[in-house]
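Please consider the model shown below. The paragraphs that follow lead through its contacts, its cores and its strand pairing.

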Amino acid sequence: MALKLYIAVLDEMPDFMVPTLVAHAVLAAHLQFVQDADAESYKNWLEHSFRKVVVKVNQKEFDKIAQLKCYLGHESTVLDAKKSCAVVFPISQDSIPNVLKFAKMWKPTLN
């Protein structure tokens, strides 16, 4: 079963900062995940799947996602440096929690 990495961005984050936030959070998560006790599973995702999804979530959903195995990131200059990006350890498609399964894909707001 293919693994998928979810990146959940708090809906309060301004769109112009999301690419920077996600880039920083994913890199930091990578550094954490390669040292994890389950690093072989992460390396399997990295080498054979590399599927990822960016979703936009509200605070309640973010709090649920933060309870999963994940890395929590932030940008120090936005939202008072509040944790605002959760990079979830890759999970198989048959065990995706509902909070991620039904989350909306992130897309920039058109002005």
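Contact here means heavy atoms within 4.5 Å. This is a predicted model, in which local features need pLDDT of at least 70 and side-chain atom pairs count only at pLDDT 80 or more, while totals for chains, interfaces and linings use all residues. Residues are numbered from 1 along each chain as its sequence is written, and side-chain values use heavy atoms, with hydrogens and water left out.

Val26 touches Ile7 and Val87, not counting residues up to four places away in sequence. Val26 is found in helix α1; helices (H or I, at least four residues) and strands (E, at least two) are DSSP runs numbered from the N terminus. Because its relative accessibility is 30%, Val26 counts as partly exposed, a class lying between buried (under 20% relative accessible area) and exposed (over 50%), with a 1.4 Å probe and protein chains only.

A nonpolar core is a set of buried Ala, Val, Leu, Ile, Met, Phe, Trp, Tyr and Cys residues joined through side-chain atoms within 4.5 Å. The largest such core has 18 residues, of which Leu5, Val9, Met13, Phe33, Cys85 and Val87 touch the most other members. At least two residues of this core come from each of β1 (3–10), α1 (18–33), α2 (39–49) and β4 (85–92), and α1 supplies the largest share, 6 residues. A second, separate core of 16 residues includes Leu10, Val55, Val57 and Ile91.

Strands pair if DSSP finds at least two bridges between them. β1 pairs in the parallel sense with β2 (residues 51–57) over 7 bridges, and Ile7 has Val54 in β2 as its bridge partner. β2 and β5 (residues 104–105) run antiparallel, joined by 2 bridges; Val55 has Met105 in β5 as its bridge partner.
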